[in-house]
Amino acid sequence: MKQILLPTDFSENSWNAIIYALQLFKDEECTFHLLNTYTPAIYNLEYVTGYPEQFGLVDSIRDTSRKNLLKIVSRISSEFTKNEKHTFQTHAKFDTLLSGVKEIIKKLDIAIIIMGTKGATGAKEVLFGSNTVHIFKEIKRPILAIPSGFAYETPHEILFPTDLNAMYKHSTLKILKEIVISNHSRLNTMHVSTGYELNETQEKNKDKLESMFKHSAFLFHEIKTKDITHAINEFQLKYKINLLVMINNKHSFFENLFFKNTINQIGFHLNVPFLVIPTGI
């Protein structure tokens with residue numbers, strides 16, 4: 001049974017990510033773990049030590065968190081036809097989001113984390129808030145970020161930009177293979193060439209990818225341009241991409257595109273879900 005982690009702050013944005021998760025895995029046996037973390041704004045350890053009654057504040061917020069998590073489970077029951085393959089567990093934790101997620105994945109074999117992203121006001125770009133950035137950097141699990149307001153689309157067309165420098169393992173790409181197979185998706189692997197031919201390592205990695213997806217619709221696209229971000233944006237629009245996928249490892253294509261820039265000024269017009277897969281899993 002697949003274990004899926006759904007962090008929530010009870011916003012419509014996080015509810016939208018939950019809807020996506022339920023539909024993406026509607027045909028699979030899953031346990032969905034709804035996680036809410038909370039840290040009272042006025043909480044201060046030294047202050048609470050001096051005034052034990054202040055623990056009542058923490059208890060109150062914990063109870064509210066638990067009640068709101070149960071409301072989500074109730075809302076799922078009322079808005080979706082009961083799916084016998086799906087079960088739900090709730091987790092209310094007095095913790096930061098990053099620490100709370102780390103604790104969950106230590107205890108459970110989480111296959112994927114699905115969470116909402118913040119949409120930029122008056123624009124189509126997605127702004128990754130600090131929580132999402134920390135999750136991307138620190139958590140060694142596949143993370144699927146759902147843009148605010150995104151209405152579910154079956155991921156028939158998947159874009160996988162890569163520099164072909166990473167050695168691909170079946171365990172690393174397991175979740176991508178499962179999504180491709182279960183949705184009969186076409187995997188558009190895109191290499192952006194900045195004027196150089198593929199070297200021996202890149203050729204081997206390309207062959208490995210083709211072999212791994214030989215029973216699926218696999219297309220390889222060689223794009224010649226110096227502007228990688230523009231190439232990805234253009235491809236998304238031209239081929240009506242439903243899902244963008246990237247590998248995240250040290251000195252990777254993903255890291256160079258994202259963490260070398262100010263995270264809130266990314267040039268991507270991300271209006272589709274974005275799957276980040278770490279290496280070493």
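How accessible is Lys102, and is this residue buried, partly exposed or exposed? Lys102 is partly exposed, with a relative accessible area of 32%, where buried means under 20% relative accessible area, exposed over 50% and partly exposed in between (1.4 Å probe, protein chains only).

## Basis of the values

The structure is a predicted model, in which local features need pLDDT of at least 70 and side-chain atom pairs count only at pLDDT 80 or more, while totals for chains, interfaces and linings use all residues. Residues are numbered from 1 along each chain as its sequence is written, and side-chain values use heavy atoms, with hydrogens and water left out.

## The sheet

An open sheet of mixed pairing is formed by 10 strands in the order β3-β2-β1-β4-β7-β12-β11-β8-β9-β10; strands (E, at least two residues) and helices (H or I, at least four) are DSSP runs numbered from the N terminus, and two strands pair if DSSP finds at least two bridges between them. The edge strands, each pairing on one side only, are β3 (86-94) and β10 (217-224). On average, neighbouring strands of this sheet are turned by 25° against each other, direction ignored; axes are lines fitted to C-alpha atoms, for helices over the stretch in contact, and angles run from 0 to 180 degrees between N-to-C directions.

Strands β7 (residues 143-146) and β12 (residues 274-278) run antiparallel and are joined by three bridges, with Leu144 opposite Leu275 in β12. Helix α7 (residues 200-212) packs on the sheet, where it touches β8 (157-161), β9 (186-193) and β10, and its direction makes about 150° with that of β10; contact here means heavy atoms within 4.5 Å.

## Strand β11

Strand β11 (residues 243-248) is mostly covered, since six of its six residues are buried. Leu243, Val245 and Ile247 point one way from β11, whereas Leu244, Met246 and Asn248 point the other way, and all are buried.

On one hand, β11 runs parallel to β8, to which two bridges join it, and Ile158 has Leu243 as its bridge partner in β11. On the other hand, β11 and β12 pair in the parallel sense over five bridges, with Leu244 opposite Phe274 in β12.

## Salt bridges

The count comes to 10 salt bridges, a salt bridge being a side-chain nitrogen of Lys or Arg within 4 Å of a carboxyl oxygen of Asp or Glu. One of them joins Glu138 to Lys102, with the closest N and O atoms 3.8 Å apart. This pair links distant parts of the chain, as Glu138 is in helix α5 (residues 130-138) and Lys102 in helix α4, 36 residues apart; Glu138 is partly exposed, with a relative accessible area of 42%.

The side chains of Glu157 and Arg186 also meet in a salt bridge (2.4 Å, N to O). Glu157 lies in strand β8 and Arg186 in strand β9, so this pair ties together parts that are 29 residues apart in sequence. At 13% relative accessibility Glu157 counts as buried, whereas Arg186, at 35%, counts as partly exposed.

## Asp95

Asp95 is found in the loop between β3 and α4 (97-107). Asp95 is buried yet has no salt bridge, and the nearest side chain of opposite charge, Lys93, is 6.9 Å away; Lys and Arg count as positive and Asp and Glu as negative, with His and the chain ends not counted. The side chain of Asp95 does make a polar contact with the side chain of Ser99 (3.0 Å), a polar contact being a pair of N or O atoms within 3.5 Å, of which, within protein, one must be able to donate a hydrogen and the other to accept it, while residues adjacent in sequence count only if both atoms are side-chain atoms.
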